[in-house]
Amino acid sequence: MGSLISPRIRITPFLLVYWGFFSVDPSAVLGGDLKPETFVPFLFLGITMDIFFNMGYGTFTGKFMTEKWWQTLEIILLAPINKLSLLTGVGLGDLVSIAPTLVLFVGLAYYLSPIPFLELVKVLIVMLLCFLISLSIGLITGCASLVNENLNPFFGYLKVFIALLSAFYYPIEVLKTDKFGSLGYLLPVIATFNPIYQANFIIRSIWFDGITPLNSVIYVLFFAIISPIAAVYVFNKMDRLTPELQQALRDRIANLAPGSVFTSANDAAGLEPLRELL
């Protein structure tokens, strides 16, 4: 239920503001594809991307902190599995949990502004790529937060900054204003390097303009390939075991007597990877 209510709360102010603005001046155009006849599907697509980004960015930090609280984190850290499976597994689980919300908003956007089925498939693929990138960023920030929880506020501000430059609820032209001073020229330029913004740009170009910007597609694909690899590398190489976890593992390993607990030398050798980690 929360996955349905929270997005509605976030999108409602924008719906009211844009509805009032276009009611006063029906011929107004705020920039890009934000027009009286498109602002509702524009926002529905934006909230869908926002959900993907927020879910992917925060999921690993929350899960890691929960596992650390229950003192079961070492099970994840030492499990002999491909850490890419951890990324995809968590992603699939979160995707299932938010599927009703995504179907709702994408379905409403499609109902209000229909597009060809093939174009819809392209949009859904780009959304999934955006989710994969967000999950990868989230895994990196989750690892850093695990090592030093004092970094959590910084990553919270970073999330806000990325969202600002992702233009979920407004066209990027809104940032190009003299009222922001030099930032009015700098922020749009920085936004073009943001893969989340580029994914938004692709989706709206396909949906409202009927074109697929090839350069942006290549850029997003590049990040969708590189970011999971980078995230798994960080997870594998970073010193993930805090002093508390290290001491807990030492205590557990010290209590394991290979001669009495294991039935063979091969089984007892399984302790060596744990000892090497410490």
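Author: This is a predicted model. Start with Arg10: Arg10 forms a salt bridge with Asp50, and their closest N and O atoms are 3.1 Å apart.

Reader: Which helices do Arg10 and Asp50 lie in?
Author: Arg10 lies in helix α1 (residues 2-24) and Asp50 in helix α2, so the pair ties together parts 40 residues apart in sequence.

Reader: Is Asp50 buried or exposed?
Author: Asp50 is buried, at 5% relative accessibility. Arg10 is partly exposed, at 29%.

Reader: How many salt bridges does the count come to?
Author: The count comes to 2. Glu119 forms a salt bridge with Lys122, with the closest N and O atoms 3.3 Å apart. Both lie in helix α5 (residues 117-147), 3 residues apart, about one turn of the helix. Glu119 is buried, at 14% relative accessible area, and Lys122 is partly exposed, at 29%.

Reader: New topic. At what angle do α2 and α4 pack?
Author: About 165°, with the axes 9 Å apart. That makes α2 roughly antiparallel to α4, because the angle is over 145 degrees. Their crossing is right-handed.

Reader: And the surface? Which residues form the nonpolar patch?
Author: Phe161, Leu164, Leu183, Leu186 and Ile190. Together they have about 390 Å² of accessible area.

Reader: Which helix gives the largest share of the patch?
Author: Helix α7, with 3 residues. Helices α6 (152-164) and α7 (183-192) each supply at least two.

Reader: Where does Leu164 lie?
Author: Leu164 lies in helix α6. Leu164 counts as partly exposed, at 33% relative accessibility.

Methods: Residues numbered from 1 in each chain as written. Predicted model: local features only at pLDDT ≥ 70, side-chain atom pairs only at ≥ 80, totals over all residues. Heavy atoms only, no water. Patch = residues over 30% accessible without salt bridge, like charges linked within 9 Å, V, L, I, M, F, W, Y side chains within 5 Å. Areas by Shrake-Rupley, 256 points an atom, 1.4 Å probe, with all protein chains shown as cover. Salt bridge = Lys/Arg side-chain N within 4 Å of Asp/Glu carboxyl O. Helix = DSSP H or I, 4+ residues; strand = E, 2+ residues; numbered from the N terminus. Buried < 20%, exposed > 50% of the residue type's maximum accessible area, 1.4 Å probe, protein only. Axes fitted to C-alpha atoms, helices over the stretch in contact; angles between N-to-C directions. Parallel < 35°, antiparallel > 145°, perpendicular 65-115°, else oblique. Left-handed = near helix turned anticlockwise from the far one by under 90°.
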